[in-house]
Amino acid sequence: MAENTALDFIEQNGQKFIHVSTINTVEANTQFVQNVQVVQRQRQAVVELNQRAKTALTDAERTAALEKSKEIVKKLEENNQAMARAYGYSLARDYLHQILKTRIFLKLTDAEYAAAKDDAAVPAEQLLVKGDDKFRLIAEIPGAEANTQFRHNVQVMHNLRQQLVALNESIKKMPESEEKAKALENVKTAEENLIKNNDLMIKQYGFSLARDYLMEIVESKLYTKVNEEEFLAAQKKASEAAAQ
């Protein structure tokens with residue numbers, strides 16, 4: 001993935017994405033993620049309703065599905081227009097959401113929270129209460145590359161844990177055999193890999209799969225995919241602005 005600072009763009013897999021907006025508060029980033037989830041659910045609902053209309057056994061069922069689909073399409077178009085105004089984001093285009101800064105909070109027990117609150121060495125801004133849940137800041141991750149790596153590492157750990165669960169479940173159904181012995185060896189290897197990766201995450205971020213955590217996006221950028229003509233036009237505009 002290549003980046004250019006004259007015109008803020010990212011080139012990925014031969015496609016170009018230009019910067020359209022920066023989201024620079026936790027609240028705004030939380031709202032953006034929620035908005036994206038809403039329009040994605042609406043789009044999926046439209047797909048499912050249209051499919052239901054195709055397979056409907058009666059005209060009444062078909063009409064009901066199509067009417068509901070039309071209703072959701074209208075809401076989707078309204079939400080999509082609002083997203084375009086607020087973020088330069090549209091479902092009509094592919095986009096990249098680049099995370100620039102993340103805060104990681106560890107979920108605390110009541111006793112841990114009370115101890116941290118009474119500890120003069122713990123700044124008050126490092127403690128967070130959301131409903132009945134209490135958290136303490138354990139890491140701030142600055143930069144796009146570091147954030148991408150962190151999320152990749154978390155995904156690797158979750159995949160390893162799922163692999164371990166699946167292996168243990170399959171072993172329960174196996175009779176004593178050479179195949180079971182091999183599966184047990186695979187479990188041992190998976191456990192070792194998981195422990196190794198978890199230890200590395202604890203050292204680097206204070207993050208562990210053994211504890212619950214909260215991840216807040218503090219700052220991010222949105223890039224929308226453009227064709228070559230659009231890219232050249234944006235590049236020209238950026239050059240003219242720099243010259244002025």
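Modeller: Phe150, Met201, Tyr205 and Phe207 touch the most other members of the largest nonpolar core, which has 19 residues. A nonpolar core here is a set of buried Ala, Val, Leu, Ile, Met, Phe, Trp, Tyr and Cys residues joined through side-chain atoms within 4.5 Å. Buried means under 20% relative accessible area, exposed over 50%, and partly exposed in between (1.4 Å probe, protein chains only). At least two residues of this core come from each of β6 (133–142), α4 (144–172) and α5 (178–205). The biggest share, 7 residues, is from α4. Helices (H or I, at least four residues) and strands (E, at least two) are DSSP runs, numbered from the N terminus.

This is a predicted model: local features need pLDDT of at least 70, side-chain atom pairs count only at pLDDT 80 or more, and totals for chains, interfaces and linings use all residues. Residues are numbered from 1 along each chain as its sequence is written, and side-chain values use heavy atoms, without hydrogens and water.

Now Phe207. Leaving out residues up to four places away in sequence, Phe207 touches Ile138, Val154, Met157, Asn198, Met201, Ile202 and Tyr213. Contact means heavy atoms within 4.5 Å. Another core, of 10 residues, lies apart from the largest one; Ile23, Val36, Tyr87 and Tyr89 are among its members.

Thr102 sits in strand β4 (residues 95–108). Thr102 counts as buried because its relative accessibility is 0%. Beyond four places in sequence, its contacts include Ala139, Ile141 and Asn147.
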